[in-house]
Structures are given as structure tokens and as C-alpha cells.
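This report describes selected features of one protein model. Please view the sequence and the structure below before reading on.

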Amino acid sequence: MKKTLLAAALLAGFAGVAQAETSVTLYGIIDTGIGYNKVKGPDGYSASRVGMINGVQNGSRWGLRGSEDLGDGLRAVFQLESGFDSGNGNSAQGGRLFGRQATIGLASDSWGQLDFGRQTNIASKYFGSIDPFGAGFGQANIGVGLSSTNTVRYDNMVMYQTPSFSGFQFGIGYSFSADDTKTTKDGWVNDPVTGTPTWTRNGAPGQVGFRTADNTRAITAGLRYTNGPLNVALSYDQLNAANTLSQAAVDATPRSYVIGGSYDFEVVKLALAYGRTTDGWFGGQGSVTGSGIPGFGGNIFADGFKSNSYLLGLSAPIGGASKLFGSWQMVDPSNDKLTGGDEKMNVFSLGYTYDLSKRTNLYAYGSYAKNYAFIDEVKSTAVGVGIRHRF
């Protein structure tokens, strides 16, 4: 009897050790609501819709993250994250199984973290906490004007991030092929220069090939400093075109420089950011879905294009469970090579959240854009209310 009890105790002890050394966590977000969007354009164009919206405050997702203790402070880590449309259950990110993230790597509190796979760029990681809208809320988020900060994801990326040294952290990444969906198969694809749909046949130029230079590659880097109420970040992104693309695309090397920061005065939090984008566009919101109005597109090459982007944001707690926040963005393009327009775009946005619990909150937002996508007389108004649950 004593031996049986001893064996049971030993097994329980070993089980506890194994559980402490290896862990896997299931997590997710479900974000759904009702929204209204109206778009006005030149020549009397006008269209509007009322319907279900999803992934507004945060993209709906489920994921698995895990780690294994390898000893001496070293851990093996992985993260698999799948996005979905909570309105109809379809997969997001073009139907990818783990379109939001699919990485494996090594991590240490002493020397930092090294990840391999599909993941967001450095700018998206560092500026989400600076944006009053947390890089969410569609047309209102920071990525509309500063395109490299809008949850830009690269395939086939190796990324290293240092630990925090007295508030400072540095990160750098390189993608061997930024978007594996841009193949040479028959089908409709967005032209890399104009962004317009073009039919391509097998063997036609694409952004994915066998040779290293046959793929569009990406570089991302950044530095941030966080200390109490102060949060400051600097980032750089670059795209190198696949040599199989048109000469106009190959001649362009899109680059994005962003600097910004926020300071929390407790009663109000102030955010400022400036960005310069040349020779193309990285992310952004694309077209106003289904409206027929062209948008920015992603990973677009436009030789000679330049723009300066500005953001001013404020947020303030209201009581213990509510928060009010807003921002103004302005983007000044140098010419019409990106979208066919060269007007200054202004975006004015206001949002509100109310916490029902630590995991569930309600939200409401409104955003108005003038000269959307730099096109004269194009105006987009978006409002919505919804609920977000985290698990």
C-alpha cells in the first residue's frame, strides 16, 4: 500500500514538472457588429450599405501558442493563428489556414527571440500601441495613412527581436518571398504598378519563382523605447521587386519610414506620428469593399511616387470602464502614380469602448475620409457598433 502511494505521488510530481516545462494555449477573439458605410465619388456617384461587420476593433481569430523549456533559460516557441469572418464563418487572409501567423522559433529572456515563418512586420508590432485605435477600426486605424503599420504580414520571414534593455528594444526581419499567393498561375491578379485586375496566363510574370531574385523580398526593422507613460518608435520597411515583373515595377523600390510616439498624461493620452513612403505602398485598407472605388492595394510598386503622412491622436478614460479616443490623419502625395489621384487625403475618426468585463466589451466608432485614396471628391463615411469577446 505504501509503495502504491509512493508511486502515485512520484507520477503526480513528474506530471507537474512536464506541465511546467511544456505549455500550449488556445486563445482567440470574436468581433461582430452592425455597420453603415456610404461612399460618394465624382460625377454624382453614390452608394451605401447597412449590414453586419466583423473584425472591426480586432480581427476575429483563433490560435495556438506554446513553449517548451530547453534549459539554461532557452525556450522553443511557436504560434499558429487563423483569422475568420465571424459573420459567415469563412477563413480570412485569402483562405489561408493560419493566415494571421505561423511561426516557430527560439526565445530567451537574456538574448531575445528568433522566429521563422509568416508574421507581421516590425512597424505593425511597434505602432499598434501608439495608435489610439490600436491598429483596428478599419478606416480609422493608423495604417490608412502610414501603410507599413497596418498589420502588414510577410511570408517566409526570419525575424530577430532583442529583449528590452532599460526600455529599448530593436527588431529586424527579412522575407525571402513576401507573398506566396502571387504566383504565375492563370487567373486574375492585381497589376503591381497600377493595382488594377489583370488576367495572367501560365508563365506570365509573377512575384514567386524558383530563383531567389524571382521573388519579391522584404526588409523590416525598427527601434522602440517604452518607459512608463512614454512610448516612442521608429521603423523602416523596404520591398525588392521580383526580377520577373515589368520594368516599371523592377525600377521601383518601395520604402517606408515612420517615427511616432505617445505620452500618457493619465487624464489624456497624446499620440503623434509621421511617415514618408516612396515608390509604392505597403498595406492600407485597399478599396472601400464592393463600392467600385479603387483603393491603395498592398505591396504596390509605383516608381517615383512619394507621400508624407501625419497622425494626431487623443484618448481618454471615462470612469473605470469606458474610453473615448479619436484621431486625424493627413496624407499628402507628390503625384498620381499610385492610385490615379494626387489630392491630399484627410481622415477624421472617433471611437468609444465600454468594458462589460475583463474579456468582453462594446464599441462604437465613426470615421470620415475626404479625397479617399487621393482621388478628388471621393468621400467615405463609416460608422458601426459591435461587441468583442476575448478567450
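Predicted model: local features only at pLDDT ≥ 70, side-chain atom pairs only at ≥ 80, totals over all residues.

A second, separate core has 16 residues, among them Ala302, Phe305, Leu338 and Val347.

## The largest nonpolar core

Leu311 also belongs to the largest nonpolar core, which has 26 residues. Leu311 is one of the residues with the most contacts inside this core, together with Phe127, Leu146, Tyr154, Leu239, Leu245 and Phe301. At least two residues of the core come from each of these elements: helix H2 (122-127), strand S7 (153-161), strand S12 (230-240), strand S14 (269-281) and strand S15 (300-318). The element that gives the most is H2, with 4 residues.

As a general background, nonpolar side chains tend to be buried together in soluble globular proteins.

## Strand S7 and its partners

Strand S7 pairs with strand S6 (residues 112-120) in the antiparallel sense, over 7 bridges. Within this pairing, aspartate 115 has methionine 159 of S7 as its bridge partner.

S7 also runs antiparallel to strand S8 (residues 168-175), and 5 bridges join the two. Here valine 158 stands opposite tyrosine 174 in S8. S7 and S8 form a hairpin, with 6 residues between the strands. In the turn, serine 166 has a positive phi of about 55 degrees.

How values were computed:
Residues numbered from 1 in each chain as written. Heavy atoms only, no water. Core = buried A, V, L, I, M, F, W, Y, C linked by side-chain atoms within 4.5 Å. Buried < 20%, exposed > 50% of the residue type's maximum accessible area, 1.4 Å probe, protein only. Pairing = 2+ DSSP bridges.
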